Amino acid sequence: MDFSAIPAALPSLLEGMLLTLQLLVFGVAGGVALGTVLAMMRLAHAPLLSNLAGLYVNYFRSIPLLLVITWFYFAVPFILRGITGEDTPVGAFTSCLVAFVMFEAAYFCEIVRAGIQSIPKGQMAAAQALGMTYGQCMRLVILPLAFRKMTPLLLQQSIILFQDTSLVYSVGLMDFLNSARSRGDIIGQPHEFLIFAGLVYFVLSFSASLLVKRLQKRLTV
Amino acid sequence: MRLASCLLGTTVAIALLSGPAFAAEELTGTLKKIKESGTVTLGHRDASIPFSYLATDPRQPIGYSHDLQLKVVEALKQKLGMPDLKVRYNLVTSQTRIPLVQNGTVDLECGSTTNNLERQKQVAFSVGIFEVGTRLLTKKTSGVKDFADLAGKNVVTTAGTTSERLLKAMNADKQMGMNIISAKDHGESFLMLESGRAVAFMMDDVLLYGEMVKARKPDDWTVVGTPQSFEIYGCMLRKDDPAFKQVVDEAITATYKSGEINAIYDKWFLQPVPPKGLNLNFPMSEQIKKLIAEPTDKSAEEM
Amino acid sequence: MNYNWDWGVFFKSTGIGDEIYLDWFLAGLGWTIALALSAWIIALLLGSLLGVLRTVPNRWASGIATTYVEIFRNVPLLVQLFLWYFLVPDLLPEPLELWFKQDLNPATSAYLSVVVCLGLFTAARVCEQVRTGIQALPKGQAAAARAMGFTLPQIYRYVLLPQAFRIIIPPLTSEFLNIFKNSAVASLIGLMELLAQTKQTAEFSANLFEAFTLATLIYFVLNMSLMLFMRGVEKKVAVPGLMSVGGK
């Protein structure tokens, strides 16, 4: 084992890590936003909406993320062309991001739904008694309470997403894992770079999960 | 109905007649997209040494095909009057390159893509840029001399290549009982070979020389076997886009005519190349000389 | 959209031997199921063992189990797979390494790597479920058993585990389904499971949308039927008298 080539490769690895983090941040933001909308649809009293959201969640929860990534990578530009009638350049980054947002939304939806359901009905009734509309109740009362409760779960899911971003390797996007692998391949030290990548992932996600645990204790007081 | 087709006919006739006058102004297809977005997206490879690969800078592909690709970018700048045309790079693999050209992600892919009739149904090819034979890379001590020696052995090839199809078909037709591993890219195929998982790696001969350059001990390896096919590489672009194809073809042909190609060839096949500074020593074959003297966009099977 | 739809593509010849594309999908599905089931056996056995270790009154035992869980949960599955597939065989003693790499069929050696990888990865998750299940039981159960003269192994064997497992069937079900989905990573090391066959079909036939649609459908149906099956199991073994029973 010879790890001496790693320091020289750090700048390019760092660039890969930045891409990984971008995927993570945008993926979580988009996923939570879409997931919340889906959760409200699922809880709505309109059967059409709740069934639609239910189907969406079941659909994405039954297929592998890797399949979604590959699928979207090929299909998104085709679909965009179908809509706009022109070639729209969509890079691997965008299509992977779309895949993560749509896929993770199904998981975030379930977390948000459970969070909303854990809020006592009285809160809703009280807000309505004050003359708030359904939307206002949700936005001003229920969701803030629910998000406080489910923050640890959302963060845990985000750590899982952090690890899952490595799957973009399959479509050749240069994230952290792929740049480590590609450097290792060119230099002829694939093992060393792979071990290094594994260590970095471990340190980051382990410390993040420790922080989440601490936060969880604070929030549940 | 009649009137309609008559009208249509007239319109077409007018369009055809006035065609040349318009053509100079009216951009279509890829050219239009490039002009409007100010960006051209080039497909490149990860480990197709020395055609298109990443050596030191992970954002900057290099290689023989890449240099030709840049010639096309120069031509595009002139043709469209866009001196600061932006270039965007998109990494492709053997398996993703065709769908990505088709679906509009990549405008032009110059790597190590074989022009063949089957692919011509899906994409268009520029004039040929290289000619190779598909052979085997193996350890000097492995005892493998030709394809017949592979019966019952583990053989690796890269998924999505012509070699993969040839090898799988050969295995089925001749009932050789080979175990075929399809790796994701040439780098991974070579890793399988180097780590002893496969006794041989079937691929385009020149790429095999490229892999040897990267090996820990380049002298341990050798390229053997009767070529199973001869293949002409071309740059890939979207089908039915003659205006763009013309720009690409002209740029490459001009590089051939001016003799610049010799310097580019020399740089990548007869001089040391990154990342390890080793030399492929792959002198220009008769077929390649012919390809440069008489540029053609036909595939090897059509010749 | 210049794309030629052709839903009959699955019955067309692949050009290799006399196989049709549907054969590829079936072969791929076979690999996916084989991978998932064998990995699940490892995950369930090892995960239960670790889960028990995490709850026994012994610092060393629970320390080991905790370390295991943290390592396997915090390294991405794909990195783990590459380690098992590319690195671990190189660390084996020479004769074993040669046997693994050269004598074994490459599909078999890839299969073994994926099974071990998925099994150990999922074991960390199963362990957490088992621990939660055991800790959810009233403390009085273990105390009562001890008072009756049960040894520690007997307490786990006859009192805690039978109840814990029945409580945690829903989360275990979702881990079981995850293993099917996670097995798709095998496609990245060249094992021709369902996703790899789909990609190959897309590439050979140029009918990308059809191939991916069929794959999606197969995963969806597989997942749904396993879920229904597990719901049935859950009902059968539900612990009477608990809140969750009869609720929904």
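Which residue of β6(B) is the bridge partner of B:Leu42? The partner is B:Leu108. The model is a predicted one, in which local features need pLDDT of at least 70 and side-chain atom pairs count only at pLDDT 80 or more, while totals for chains, interfaces and linings use all residues. Residues are numbered from 1 along each chain as its sequence is written, and chains are lettered from A and ligands numbered from 1 in the order of writing.

Strand β1 of chain B (residues 39–44) pairs in parallel with β6 (residues 108–109) over 2 bridges and with β5 (residues 86–91) over 6 bridges; pairing requires at least two DSSP bridges. Strands are DSSP runs of E with at least two residues, helices are H or I runs of at least four, and both are numbered from the N terminus. In β5(B), B:Asn90 is the bridge partner of B:Gly43. Of the 6 residues in β1(B), 5 are buried (20 or more other C-beta atoms within 10 Å of the residue's own, with C-beta atoms placed from the backbone).

Beyond its neighbours within four places in sequence, B:Phe201 is in contact with residues including B:Leu136, B:Phe190 and B:Leu208 (contact: backbone-placed C-beta atoms within 7 Å).

Between chains, 28 residues of chain C are in contact with 29 residues of chain A. Helix α10(C) supplies the largest share of chain C's side, 9 residues.

Technical notes
Contact = placed C-beta atoms within 7 Å. Buried ≥ 20, exposed ≤ 12 C-beta atoms within 10 Å, placed from the backbone.
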